[in-house]
Amino acid sequence: MSLKKQDDMDHNAWLKSQDLTAIETAFLTTLIWLDKRLRIVDYLELLETMYYRANLQMPKSHTEQYDLDNKFWYWYPLYSLGSLSIIAYLLAAVSGALLGFYYAPSTAGAAAQGDPTAAYDSMVMIMKDVQFGFMLRSIHRWAAQFMVAAVFLHMLRVYFTGAYKEPREVNWILGVVLIALTLLFGFSGYVLPWKQLSFWAAQIGVELALATPIVGEWAAQLLFGGFTLGQATLVRMYILHVFVLPFVVTALIAIHVGIVWVQGIAEPH
Amino acid sequence: MTDDTTAMTDGGTDDEARTDGGPPATVPPDDETPTWSERKERSQGLAQLTYQYFERSRREDEDLRTESTYVERDVLGFPTWPHETIRNLAITSFFLGVILLVASILPSHFGDPANPGSTPAIILPDWYLYWSFGLLKLSPINPELAVLGGNIVVSNELYGLIAHGAIFGVITLVPFLNKGNARRPVEEPGWAALGVTGVILAITLAVLAIQNFFPVPLELLFSLVFMLPVAGGVITYAVLKTMREGYMYDLNRRYYMLRPPK
């Protein structure tokens with residue numbers, strides 16, 4: 001048996017036999033080179049299928065389908081609130097990632113009680129020294145406000161149009177969990193600048209946790225890193241805000257939207 | 001060891017000197033993999049129940065499909081590209097634009113650094129947690145038990161936490177309490193009234209949280225916190241109940257015109 005490599009399909013010979021322009025030759029050579037190693041033809045087929053699926057016709061809207069004489073068109077903005085909360089969430093994620101370059105979750109640097117800490121100073125630095133920093137923080141803050149507002153209004157819309165009814169109970173519960181997590185997101189972000197209001201809001205959080213029977217002390221340790229506020233609290237809130245919650249909330253939003261996709265939008269009829 | 005000595009990679013046959021791990025493990029032929037029905041028969045307990053249920057559910061689907069008189073028709077509509085995509089991009093840009101505009105004209109406030117030594121006169125969370133903060137100020141209605149000499153049973157903080165739990169619990173249970181096909185508030189005035197009560201309660205609780213800003217005696221404010229939601233709920237109920245008569249007539253007429261009863 002010959003050790004020489006057999007090439008059943010001599011793609012290069014085929015390439016040479018074609019009368020191709022330079023661009024076509026370069027494209028095909030790259031494609032063949034990649035396909036030999038990664039078998040991308042299969043994935044290209046998948047992409048093609050997705051292209052055709054995406055170009056399907058959208059069904060008629062509810063009012064068109066049931067000939068409701070455009071009576072309810074003015075309710076339609078309420079049906080984009082879930083989408084608005086996702087858009088605001090993405091905007092907050094992008095601006096938050098940029099803020100993360102400059103923010104330091106540390107209570108160091110305060111010589112006496114009430115002196116600015118490293119966290120506070122980094123916020124001042126962001127607002128005063130960083131190019132576009134004041135706007136960046138403003139965008140992050142307002143995106144968060146818009147997200148929370150949109151999430152609340154989204155829940156009201158779902159409640160008052162009865163969209164939570166069978167078979168959508170699971171998604172309603174998921175939505176309640178997402179609201180709670182959004183509020184936790186907001187709370188942990190509120191603590192990070194380590195201003196007076198941040199500190200005392202966190203203080204109320206610790207007191208609430210400690211007031212809970214059985215799990216209280218454990219919850220205080222887990223969330224606030226102890227029974228009194230300090231460096232541990234700030235770092236825990238920071239990790240919660242930039243690591244734990246983003247993953248959890250993003251995953252839950254994906255499931256939430258996925259279930260809507262599978263079950264279809266509840267008709268407001 | 002055995003007589004069917006396999007050649008080693010270097011061509012030798014001495015098993016003592018073998019260092020290449022031996023011949024490849026035997027791959028079971030395809031027909032040894034159990035088929036779907038074999039697996040169903042072999043399975044026991046929960047797995048078997050799952051198979052049985054899936055079979056039933058598939059048969060149910062099949063029956064419904066064969067019984068159905070549904071005819072698939074072409075539905076006229078807008079294509080995803082470009083119509084829907086452009087529209088969604090327009091909505092998204094509008095939302096983003098509003099957020100950026102508000103962010104640029106209303107920059108956020110930045111207060112003094114944290115001072116564990118001095119409690120500020122006003123402690124407040126962000127506006128969306130005012131309702132929650134208001135729930136923590138319910139100590140005037142924390143019940144006192146005479147048998148305990150007028151002492152409260154649960155601490156005021158725990159009382160507030162229980163209120164949170166109750167509210168989240170009720171909201172979670174809504175889909176299991178309210179069933180049926182009704183979709184519009186007029187069809188279920190009671191549930192709509194409950195919703196309005198909840199919304200107004202959230203607002204009044206928020207007001208209770210920022211009570212310092214309202215020049216109203218605390219007792220009056222406290223009464224209003226609970227009276228206003230109830231009043232709002234009653235008014236909603238009355239209005240919707242009145243609307244319902246004429247509205248349902250029209251709705252039913254449209255519905256039966258579209259889907260005449262068999």
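This is a predicted model: local features need pLDDT of at least 70, side-chain atom pairs count only at pLDDT 80 or more; totals for chains, interfaces and linings use all residues.
Q: Is A:Arg39 buried or exposed?
A: A:Arg39 sits in the loop between helix 2 (22-38) and helix 3 (40-54) of chain A. Its phi is near 50°, a positive value in a residue other than glycine. The cut-off for exposed is 12 or fewer C-beta neighbours. With 9 other C-beta atoms within 10 Å, A:Arg39 is therefore exposed.

Q: Where is A:Phe132, and is A:Phe132 buried or exposed?
A: Look at the loop between helix 6 and helix 7 of chain A for A:Phe132. Phi is near 70° there, again positive in a residue other than glycine. A:Phe132 has 10 C-beta neighbours inside 10 Å, so the label is exposed.

Q: Which peptide bond is cis, with omega near 5°?
A: Go to the loop between helix 7 and helix 8 of chain A, where A:Pro167 lies. The cis bond, with omega near 5°, runs from A:Glu166 to A:Pro167.

Q: How many helices and strands does chain A have?
A: Reading along the sequence of chain A gives α-α-α-α-α-α-α-α-α-α-α. Of the 269 residues in this chain, 28% are buried. Among contacts with a separation of 6 or more, 61% join residues 24 or more positions apart. The secondary structure count for chain A is 11 helices and 0 strands.

Q: Are helix 7 and helix 8 of chain A roughly parallel or roughly antiparallel?
A: Their axes come within 11 Å and cross at roughly 160°. Angles over 145 degrees count as roughly antiparallel. That makes helix 7 of chain A, relative to helix 8 of chain A, roughly antiparallel.

Q: How do the residues of the contact of helix 7 of chain A with helix 8 of chain A divide by class?
A: The crossing of these two helices is left-handed. Helix 7 brings A:Ala144, A:Met147, A:Val148, A:Val151 and A:Met155, which meet A:Gly175, A:Ile179, A:Thr182, A:Gly186 and A:Gly189 in helix 8. The contact divides into 6 nonpolar, 4 polar and no charged residues.

Q: Which helix of chain A gives the most to the side of chain A that touches chain B?
A: At this interface, 63 residues of chain A are in contact with 55 residues of chain B. Helix 5 (81-99), helix 6 (118-128), helix 7 (133-160), helix 8 (169-191) and helix 9 (196-211) of chain A each supply at least two residues to that side. By class, the side has 40 nonpolar, 14 polar and 9 charged residues. The top contributor, with 13 residues, is helix 7.

Q: Are helix 6 and helix 7 of chain B roughly parallel or roughly antiparallel?
A: Helix 6 (residues 189-209) and helix 7 (residues 218-258) of chain B pack with axes 8 Å apart, at an angle of about 155°. Their crossing is right-handed, and their contact has 17 nonpolar, 6 polar and 2 charged residues. Since the cut-off is 145 degrees, the pair is roughly antiparallel.

Q: How far apart are the end C-alpha atoms of residues 190-214 of chain B?
A: An unreviewed UniProt entry places the feature "transmembrane region" at several spans of chain B, including 158-178 and 190-214. Residues 158-178 are 95% helix, with end C-alpha atoms 30 Å apart. Residues 190-214 are 80% helix and 0% strand, and their end C-alpha atoms lie apart by 32 Å.

How values were computed:
Residues are numbered from 1 along each chain as its sequence is written. Chains are lettered from A and ligands numbered from 1 in the order in which they are written. Helices (H or I, at least four residues) and strands (E, at least two) are DSSP runs, numbered from the N terminus. A residue is buried if 20 or more other C-beta atoms lie within 10 Å of its own, exposed if 12 or fewer, and partly exposed in between; C-beta atoms are placed from the backbone. Two residues are in contact if their C-beta atoms, placed from the backbone, lie within 7 Å. UniProt positions are given in the numbering used here, feature names are shortened, and annotations may be inferred rather than shown by experiment. Ala, Val, Leu, Ile, Met, Phe, Trp, Tyr, Cys and Pro count as nonpolar, Asp, Glu, Lys and Arg as charged, and the others, Gly among them, as polar. Axes are lines fitted to C-alpha atoms, for helices over the stretch in contact, and angles run from 0 to 180 degrees between N-to-C directions. Angles under 35 degrees count as roughly parallel, over 145 as roughly antiparallel, 65 to 115 as roughly perpendicular and the rest as oblique. A crossing is left-handed if the near helix is turned anticlockwise from the far one by less than a right angle, and right-handed if clockwise.
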